[in-house]
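Hi,

Here is the model I said I would pass on. Have a look at it first, and my notes follow below.

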Amino acid sequence: MALLSILRYPDPRLHTVARAVAQVDERIRRLVDDMLQTMYGSDGVGLAATQVDVHERVIVMDTSEQHDQPLVLINPEITWRSAEMALNEEGCLSVPQVYDRVERHASVIVRALDRAGRAFELDAQGLTAVCVQHEMDHLLGHVFVEYLSPLKRDRIRTRMLKKAREELRAR
Ligand code: K1U
Ligand code: ZN
């Protein structure tokens, strides 16, 4: 397994639309395992392939309390969204140290393939619903800061660019 490098906002590659996985083969299983290691190693509860610069529809998540229930979603599609909406605090491994509230559907049902290529359905509520919608946005090339006001987004962008410049200088 390998730790993958996570793209940081405002990297333009984060706006790439991912394509469907044609076949769940050894290459995809290796990607899934590397993504899980990267997510756990970064203290995240989710990770989309887009964030590691692979533009295929693959998501890993683990919203369990003990961080011992990995979920793999390949070619995920939302088949039902609740009318009820919920406002939740979100973070993103591609936008470190930035947290803000985003409104999303309170519950969703998602159909996807698992690591073995078998179809399954996920009935998601609470943090799992927030996380799966956040990750599916990544696959469409969207980052959660796009839900914030233009003023907040510009400040985040400036702060992230400054941090990237400082990190480069410190090398
Ligand atoms: O996509 C990512 O960058 C991962 C992201 C997923 C996510 C979780 C929860 C809300 C929105 C998005 C994270 O793992 S953020 C870091 C985190 O561990 C966390 C954030 C908020 C609540 C619970 C956990
Ligand atoms: Zn994210």
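Which polar backbone atom is 2.8 Å from an oxygen atom of ligand 1? That one belongs to Val 45. Before you go further, keep in mind that this is a predicted model, not an experimental one.

A backbone N or O atom of Leu 93 lies 2.7 Å from an oxygen atom of the ligand. With Glu 135 the side chain takes part: one of its N or O atoms is 2.7 Å from an oxygen atom of ligand 1. On its own, ligand 1 has 500 Å² of accessible area, and the protein covers 84% of that.

As for the setting, ligand 1 sits in the largest pocket. There are 15 residues around the ligand, and those that come nearest are Val 45, Gly 46, Gln 51, Leu 93 and Glu 135. Sorted by class, the shell splits into 6 nonpolar, 6 polar and 3 charged residues. If you colour by secondary structure, look at helix α2 (residues 126-139), which gives the most to this shell, with 6 residues.

Now the metal. Which protein atoms are the donors of the zinc ion (ligand 2)? They are SG of Cys 92, NE2 of His 134 and NE2 of His 138, at 2.1 to 2.3 Å from the zinc ion. Written as a sequence pattern, the spacing of these donor residues is C-x41-H-x3-H. His 134 lies in helix α2, while Cys 92 is in the loop between β4 (85-90) and β5 (100-105), so this pair ties together parts that are 42 residues apart in sequence.

Most peptide bonds are trans, and most residues other than glycine have a negative phi. The peptide bond from Tyr 9 to Pro 10 is cis, though, with omega near 5°. You will find Pro 10 in the segment before α1 (26-41). The other spot is His 67, which is not a glycine but still has a positive phi of about 55°. Look for His 67 in the loop between β2 (58-61) and β3 (71-81).

Cheers

Conventions:
Residues numbered from 1 in each chain as written. Chains lettered and ligands numbered in written order. Predicted model: local features only at pLDDT ≥ 70, side-chain atom pairs only at ≥ 80, totals over all residues. Heavy atoms only, no water. Near = heavy atom within 4 Å. Polar contact = N/O pair within 3.5 Å; in protein donor to acceptor, adjacent residues only side chain to side chain. Areas by Shrake-Rupley, 256 points an atom, 1.4 Å probe, with all protein chains shown as cover. 1 Å grid on protein atoms, 1.4 Å probe; cavity = no way out; pocket = protein on both sides within 12 Å on 5 of 7 lines; lining within 4 Å. Sits in = over half its atoms within 2 Å of the grid points. Helix = DSSP H or I, 4+ residues; strand = E, 2+ residues; numbered from the N terminus. Nonpolar A, V, L, I, M, F, W, Y, C, P; charged D, E, K, R; others polar. Donors = N, O, S within 2.8 Å, 3.2 Å for Na, K, Ca; no water.
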